[in-house]
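Subject: Structure for your attention

Dear colleague,

Please find the structure below, together with its sequence. My findings follow it, and I would be grateful if you read them with the structure open.

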Amino acid sequence: MKRILIVDDSPMIHNLLRKTLERNGYEVCADATNGREGVELFETHRPDLVFMDITMPVMDGIEAVKTIKAKYPEAKIIMLTAMGDDEIMTQALEAGVEVFLKKPFDDYKIISAIAKVI
Amino acid sequence: MMENSTGPAQRLEWPVTMFVEALKDAVATMAGITMESVDESFLTGEATMGGMMVLQGDPSAVLMILADQPSVAAIVTNMTGIDSGELTIEDLRDGLSELVNMVAGTVRGRLTGSGNRFKLSSPLAVTGEHLAVYAKRHVECSLSRFVAGDIWLELKIFYI
């Protein structure tokens with residue numbers, strides 16, 4: 001079973017995303033609420049995939065992606081954010097994310113994105 | 001004190017329909033609830049929760065989504081599958097903050113390339129009885145109301 005790390009500062013998004021992922025046969029191996037914690041949990045769990053928010057306290061998602069990708073270029077990361085403008089999407093893609101998804105989301109959007117990555 | 005005017009606005013430069021569509025889309029996609037627009041005069045209950053963000057641009061504005069606690073609980077329950085009785089007030093604040101964040105972020109994204117841009121603050125949530133918004137000078141405000149059964153939401157844009 002593919003293991004996924006969720007990095008988002010919203011408990012509601014964690015709950016919703018976890019249910020979506022588990023319903024579709026994925027395991028959520030860890031939850032982080034900011035970018036720094038996300039980096040730490042990535043190193044601990046080495047998940048198959050990361051769902052990463054952008055706007056978070058302590059360390060934002062763009063910085064977290066850069067940090068993870070610098071050490072683990074093979075890491076697979078999907079950016080999932082409400083900040084859906086081109087400038088931010090460009091920053092995310094330049095940081096190395098595989099897919100950029102805009103909230104709101106449904107099962108189809110999430111599962112289709114995963115299928116492109118792993 | 002400044003009252004919030006809901007009358008004919010002189011300067012409503014942000015495309016209100018985009019915010020309305022974004023709100024309906026967010027609630028439908030995330031919670032599976034179809035919110036119907038209703039007339040401004042449609043009587044809703046008293047708001048006890050609000051999610052807000054500052055839109056910094058030309059003009060600048062405060063975007064607010066107001067509702068009562070049962071409406072927010074119903075939406076968050078549909079989003080997460082968590083029984084409404086198990087939701088904490090923090091869950092409801094988080095849910096409403098995420099909702100306003102998605103609405104503002106969606107509109108910001110859709111305005112990309114239009115030259116009509118704004119920066120966004122972090123989302124905030126407020127709770128309390130008799131929730132109302134006041135300012136020290138007159139500000140224009142657009143008001144949109146939505147219902148789905150017993151669930152109701154108000155979307156307000158205050159031009160500051």
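Leaving aside its neighbours within four places in sequence, which residues is B:S121 in contact with? The answer is B:M53 and B:V54. Please bear in mind throughout that this is a predicted model.

To locate this residue, look at the loop that runs between β5 (118–120) and β6 (124–127) of chain B, where B:S121 is found. B:S121 counts as partly exposed because 13 other C-beta atoms lie within 10 Å, while a buried residue would need 20 or more.

As general background, nonpolar side chains in soluble globular proteins tend to be buried together.

I turn next to the place where the chains meet. Here 18 residues of chain A are in contact with 21 residues of chain B. On the side of chain B that touches chain A, at least two residues come from each of α1 (16–31), α2 (69–80) and α3 (89–110) of chain B. The largest share, 10 residues, is that of α3(B). By type, the residues on this side of chain B are 6 nonpolar, 10 polar and 5 charged.

Finally, chain A contains an open sheet of 5 strands with parallel pairing, in the order β2-β1-β3-β4-β5. At its edges stand β2 (27–32) and β5 (99–102) of chain A; each has a single partner strand, so one side of each is left without a neighbour in the sheet. On average, neighbouring strands of this sheet are turned by 20 degrees against each other, direction ignored. Within chain A, strand β1 (residues 3–7) pairs with strand β3 (residues 49–52) in the parallel sense over 4 bridges. A:I4 can be found opposite A:L49, which belongs to β3(A).

With kind regards

Key:
Residues are numbered from 1 along each chain as its sequence is written. Chains are lettered from A and ligands numbered from 1 in the order in which they are written. This is a predicted model: local features need pLDDT of at least 70, side-chain atom pairs count only at pLDDT 80 or more; totals for chains, interfaces and linings use all residues. Two residues are in contact if their C-beta atoms, placed from the backbone, lie within 7 Å. Ala, Val, Leu, Ile, Met, Phe, Trp, Tyr, Cys and Pro count as nonpolar, Asp, Glu, Lys and Arg as charged, and the others, Gly among them, as polar. A residue is buried if 20 or more other C-beta atoms lie within 10 Å of its own, exposed if 12 or fewer, and partly exposed in between; C-beta atoms are placed from the backbone. Two strands pair if DSSP finds at least two bridges between them. Axes are lines fitted to C-alpha atoms, for helices over the stretch in contact, and angles run from 0 to 180 degrees between N-to-C directions.
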